[in-house]
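Please read the following report with the sequence and the structure side by side, and look up each residue as it is named.

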Amino acid sequence: MGNFISFFQMHPFLGLALLASFIIVMAYEGHRKAIGLNHVLPQQAILLMNKNARVFDLRLKEEFKKGHILGATNRPGALDGSDPSLVKLKDKIIILVCASGSQSGKEAIRLNKIGFKTIYSLGGGMAGWSAENLPYETE
């Protein structure tokens, strides 16, 4: 603790920048949790898939055919939260995948608001999955 005090005394501007960065990160994480956004890294997604998580790929069919996570279901665009085949999964683990993670993040928030409890967005999307050299299949 004494090291922090010494650091702040010797470098007040850097200390304030460090404190501001910490506050921003904490505010972002709090906001993310409040709106129901749960990102998972590719390795975490694998663990969830081993627990029978369902994977929905939101990319266009052409992109899906070029490469997708093994066992993923292609559902281009937004998922219909009232679709009976999807409603029965409200209490199941669902992972949404898009190209970069932004579309799936927005969709995860929307579905969380209508009652899907354990829904995740793959952080980095298929680009992140591929960057980790994880397996995928093509059609």
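Predicted model: local features only at pLDDT ≥ 70, side-chain atom pairs only at ≥ 80, totals over all residues.

Trp 129 is found in helix H7, and its relative accessibility of 2% is under the 20% limit, so Trp 129 counts as buried. Along the chain Trp 129 and Ser 100 are 29 residues apart, while their C-alpha atoms are separated by 9.5 Å.

Which residues have the most contacts inside the largest nonpolar core? They are Ile 69, Ile 95, Val 97, Leu 122 and Trp 129, in a core that has 15 residues. At least two residues of this core come from each of H3, S4, S5 and H7. Apart from this core lies another one, of 11 residues, and Leu 79, Ile 94, Leu 96 and Ile 119 are among them. In soluble globular proteins, nonpolar side chains tend to be buried together.

If its neighbours within four places in sequence are left aside, Leu 122 is in contact with Val 40, Leu 41, Pro 42, Ala 45, Ile 69, Ile 95, Leu 96, Val 97, Gly 101, Ser 104 and Trp 129.

Helix H3 can be followed next. In H3, which covers residues 42-49, Pro 42, Ala 45 and Leu 48 are buried. When H3 is seen down its axis, its buried residues fall within an arc of 110°, and therefore they line one face of the helix. These buried residues pack against strand S1 (39-40), strand S4 (93-97), strand S5 (118-122) and helix H7 (125-131).

Leu 41 lies in the loop between S1 and H3. Because its relative accessibility of 54% is over the 50% limit, Leu 41 counts as exposed. Leu 41 and Gly 125 are 84 residues apart in sequence, but from C-alpha to C-alpha they are 9.1 Å apart in space.

Gly 123 lies in another loop, the one between S5 and H7. With residues up to four places away in sequence not counted, Gly 123 touches His 39, Val 40 and Pro 42. Gly 123 and Ser 102 are 21 residues apart in sequence, and their C-alpha to C-alpha distance in space is 8.2 Å.

Is Ser 104 buried or exposed? Its relative accessible area is 0%, and so Ser 104 is buried. Ser 104 has its place in helix H6, which covers residues 102-113, and its side chain reaches the backbone oxygen of Gly 101 at 3.4 Å. Leaving aside neighbours within four places in sequence, Ser 104 is in contact with Leu 58, Leu 96, Val 97, Cys 98, Ser 121 and Leu 122.

His 68 is placed in a loop, between helix H4 (61-66) and strand S3 (73-74), and at 2% relative accessibility His 68 counts as buried. Beyond its neighbours within four places in sequence, His 68 is in contact with Asp 57, Arg 59, Met 126, Tyr 136, Glu 137 and Glu 139.

| Residue | Phi | Relative accessible area |
|---|---|---|
| Asn 52 | about 70° | 66% |
| Asn 133 | about 60° | 69% |

Asn 52 has a positive phi although it is not a glycine, and its place is in the loop between H3 and strand S2 (54-57). Asn 133 likewise has a positive phi without being a glycine, and its place is in the segment after H7. With a relative accessible area of 66%, Asn 52 is exposed, and Asn 133 is exposed with an area of 69%.

The rings remain to be described. How many aromatic pairs does a search of the whole structure find? The search finds zero such pairs. The ring of Phe 116 does, however, have a charge placed over it, for the charged end of Lys 90 sits over this ring, 5.6 Å from its centre.

Note on methods. Residues numbered from 1 in each chain as written. Heavy atoms only, no water. Phe/Tyr/Trp six-rings, centres within 6.5 Å; stacked < 30°, edge-to-face > 60°. Lys NZ or Arg CZ within 6 Å of the ring centre and 35° of its normal. Buried < 20%, exposed > 50% of the residue type's maximum accessible area, 1.4 Å probe, protein only. Helix = DSSP H or I, 4+ residues; strand = E, 2+ residues; numbered from the N terminus. Arc of directions from axis to C-beta. Contact = heavy atoms within 4.5 Å. Core = buried A, V, L, I, M, F, W, Y, C linked by side-chain atoms within 4.5 Å. Polar contact = N/O pair within 3.5 Å; in protein donor to acceptor, adjacent residues only side chain to side chain.
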